[in-house]
Amino acid sequence: MPGHCILSHGFESGPDATKVTALAVVAERYGWTCERPDFTDLDAKRHVGDLGDVAARVQRLLALARSVTARGTPLVLAGSSLGAWISGRVSLQVPVVGLFFMAPPIRLDAAHPIEAAEAPTSIIHGWDDELIPAADVVAWSRARRATLLMVDDTHRLSSHVSASADAFGALLAKL
């Protein structure tokens, strides 16, 4: 059941970042189309907040996701860090067949926990993530019964790009 993947980069990263590029290669190998929206203009809006214009990030992703699901195309949302958080938020407003999160922020702050639709979910996270405590990700994953791969890495997961791509491929293969 190939469909379409939207791959959202993390804060102050970009659509050509190493991890989302690796996911795009895997998606195409499995027969899925994909796109990598550019949020760098919104990340630069520090006058809106420390993480730029997060609400506008959500709205941009939501518009893209709605255009996919309006055609009846199965949709997978994937993201790294802030890209994971906005993917989760958007998944509550459009039908998704799967979610893939890399280093997901379980809470942007106390008022903004990560939320996501009930859908097959796969997560990769570093034990030594300096921004998002591993225990929080383990607890959130356990509550959802998500597939979770914990690796010996930091927030950037730079030593586990291939492992991220493989985990994404495993999710797509199950769909």
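Before you click anything, one term: a residue counts as buried when its relative accessible area is under 20%. Keep in mind, too, that this is a predicted model.

**Stop 1: the cysteines.** Select C5. With a relative accessibility of 0%, C5 counts as buried. Why isn't the sulfur of C34 in a bond with the one in C5? The two sulfurs sit 6.2 Å apart, which is too far for a bond; a disulfide needs them within 2.5 Å. Search the whole structure and you'll find zero disulfides.

**Stop 2: the largest pocket.** Next, select G10, F11, S81, L131 and H155. Of the 26 residues lining the largest pocket, these are the closest to its centre. The pocket itself has a volume of about 660 Å³. What kinds of residue make up its lining? You'll count 13 nonpolar, eight polar and five charged ones. Then highlight residues 18–29, helix α1: this helix gives the largest share of the lining, three residues.

**Stop 3: helix α5.** Move on to residues 134–144, which form helix α5, and pick out A134, V137, W140, S141 and R144, which are buried. Because these residues cover an arc of only 130 degrees around the axis, they lie on the same side of α5.

How values were computed. Residues numbered from 1 in each chain as written. Predicted model: local features only at pLDDT ≥ 70, side-chain atom pairs only at ≥ 80, totals over all residues. Heavy atoms only, no water. Buried < 20%, exposed > 50% of the residue type's maximum accessible area, 1.4 Å probe, protein only. 1 Å grid on protein atoms, 1.4 Å probe; cavity = no way out; pocket = protein on both sides within 12 Å on 5 of 7 lines; lining within 4 Å. Points joined across faces, edges and corners; volume = space filled by probe spheres on them. Helix = DSSP H or I, 4+ residues; strand = E, 2+ residues; numbered from the N terminus. Nonpolar A, V, L, I, M, F, W, Y, C, P; charged D, E, K, R; others polar. Arc of directions from axis to C-beta.
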